[in-house]
Amino acid sequence: MYTAHICDNCQAKAAFLAIAATMTKNFSIDERSASDVQFAADDNKYGNREKGDGSRFRRRGFFGLRGRTMYERSKQNLNNTESAALVENAIVIAAKLWQNPNFINESSLTHHSDGSFYKFSMLWYKFNGDMKELAIATKYYQTFLRRFKCGSDLYQGEGAKCEYNKTHSGTCSPECIKGLEDSSSFCGCSGPKGPQCPGSPKHIRCCLDTCAQELKLDLGFVLDASGSIGKENYELQLNFTKQLLQQVNVGPNKTHVGIINYSTDRETLTWLNRDYGLTDKLRRVDNATYYGDGTDTARALKQALSVFSYAQGRRQPEEGVTLVIFVVTDGESNNQSETIRAANELKRQDITLVSVGVGNAPNREELLGICSLPIDENYFAISDYQALLQKLNQFKSKTCSEPVIIPSNTTITDEIQKDKYKFLKIKIIFLGNKTLITVTLLRGNVKLFYSFTNRNPKDPADFFDYEIETRDRSMTRTIPKKNNEVTMVIDKPDGTSEDYAYIGIKGLEDNNQFKVQFEDCAKVNCPASNAMMIKFSIIMTILCGLFVL
């Protein structure tokens, strides 16, 4: 990694090792099970010219050096082609390939390593070309990002603007791909997909809307205006807030926003139940006060309890709203125990807290105490306030993927349109053996999906197929519509310890109005299911309303 110049770049180290892990596994399989005859098909590929070249210059080493051309370009002193697999040679070759892909004076792969699925897809495409193993490599990437504590989990990411059709422009964004069915929160866009983006793999498409979920949030910001930030960085923080607001569907009956600005003193810039329009919110942010004093985060979080109270505009559970608060700070609070105590009270109210530590000074222990679990999804470490602006897509991805936490025995009203999803997070109650989901269609049609591990279970038809065969843990057992009802029985596999079930609801027609009911099969007559028995029950009713564009 020293030779590759990535020792100080956490995301690049994770990507480097993800490639090495995937390629090493492939090399081991080739050496163990493949014969010279099987490699004969490569005799005329990868720069090979002679009979036997496919086997002689087979894929070897940490980065899968393959083909006569690449072996010759490597300029590595190899006694024979097999020695490319020796550790001392494989390390040097991998570092060279990272710095100069294909050994032809190309730019380093480091700029493709930002922790996003979009950039990693482009890196893999640029480096390897064969996309069939991208899902495996992506899982390694996510694992190393978490293991190295790179400051955030894998997220969707976006590319350049693109031509969707003759009248509309879009954004290059990654579709979900087969093999990632159990972790689809960092991929996918809604609506009809546009053309493949130029110079990109097939699953990078021009999308009109890169957010798969219908956004309807009560969204909060707790912004640090203390002296350690400085006026210039404070303005960058405000710019970040305004840019994010412009991407999260702000408006009446859509996303409502509450913003608290704090130092030793504090002010509430916007409330959830006032000034619903985006223009009003942006104007309030522009008028924020830079205090330049201490860091009383506890007091600001206590004010957030007031802002997110039902009396001040928090919407009722029946309205199916996602509750998220971003806490942005560059330092340590005046009272850590009081700060964490205030954060825990917010979390007890089913509000997801996302802590964002900027720079080198933040108290990581405190920020981990503030954020909701899991930490990998709700704690972000950002190098400086310039980088905060550059990570805008990361925070947009977070808001797009956050499921609605549903209390038991609740009926909610919501909106959904064609090809949009609504993701629900439901507490598992250990009572019965099976759970029946019944959707009564009032208008339109929907599909149902569920998972015990994936926060965003989606339609398998939405996953681009690179011919990867993997086990789908995000399950769908939807029965065709009959008498305006769609039903599904879900099971919890033996040995699963998860406390929640995640439900994905996908709109199939332009206007979809429906009621969803969860019932304990120990108390009602459930249809036969070929799935394993479960040991839980969810008792709850959900009502989803008509979406109006």
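Start at Cys-172, and look past the residues up to four places away in sequence: Cys-172 touches Tyr-118, Glu-158, Gly-159, Ala-160, Cys-162, Cys-197, Ile-204 and Arg-205. Keep in mind as you look around that this is a predicted model. Cys-172 itself sits in strand S2, which covers residues 169–174. Is Cys-172 buried or exposed? Its relative accessibility is 6%, and buried means under 20%, so Cys-172 counts as buried. One of the residues it touches is Cys-162. Along the sequence, Cys-172 and Cys-162 are 10 residues apart, while in space their C-alpha atoms are 6.3 Å apart.

Now hop over to Ser-83. You'll find Ser-83 in a loop, the one between helix H4 (68–73) and helix H5 (87–99). Ser-83 counts as buried too, because its relative accessibility is 7%. What does Ser-83 touch, once its neighbours within four places in sequence are left aside? The answer is Leu-78 and Asn-89.

Next, a pair of helices. Two packed helices can be described by the angle between their axes and by how far apart those axes are. Here the pair is H8 (residues 231–245) and H15 (residues 392–401), which pack at an angle of about 45° with their axes 10 Å apart. That angle makes H8 oblique to H15. As for handedness, H8 and H15 make a right-handed crossing. Which residues do the meeting? From H8 come Phe-240, Gln-243 and Leu-244, and from H15 come Leu-392, Phe-395 and Lys-396. Sort the contact of H8 with H15 by class, and you get four nonpolar residues, one polar and one charged.

Finally, zoom out to the whole chain. Its secondary structure comes to 15 helices and 20 strands. The chain has 549 residues, and buried ones make up 55% of them. Take the contacts in the chain with a separation of 6 or more: residues 24 or more positions apart account for 75% of those.

How values were computed. Residues are numbered from 1 along each chain as its sequence is written. This is a predicted model: local features need pLDDT of at least 70, side-chain atom pairs count only at pLDDT 80 or more; totals for chains, interfaces and linings use all residues. Side-chain values use heavy atoms; hydrogens and water are left out. Axes are lines fitted to C-alpha atoms, for helices over the stretch in contact, and angles run from 0 to 180 degrees between N-to-C directions. Helices (H or I, at least four residues) and strands (E, at least two) are DSSP runs, numbered from the N terminus. Angles under 35 degrees count as roughly parallel, over 145 as roughly antiparallel, 65 to 115 as roughly perpendicular and the rest as oblique. A crossing is left-handed if the near helix is turned anticlockwise from the far one by less than a right angle, and right-handed if clockwise. Contact means heavy atoms within 4.5 Å. Ala, Val, Leu, Ile, Met, Phe, Trp, Tyr, Cys and Pro count as nonpolar, Asp, Glu, Lys and Arg as charged, and the others, Gly among them, as polar. Buried means under 20% relative accessible area, exposed over 50%, partly exposed in between (1.4 Å probe, protein chains only).
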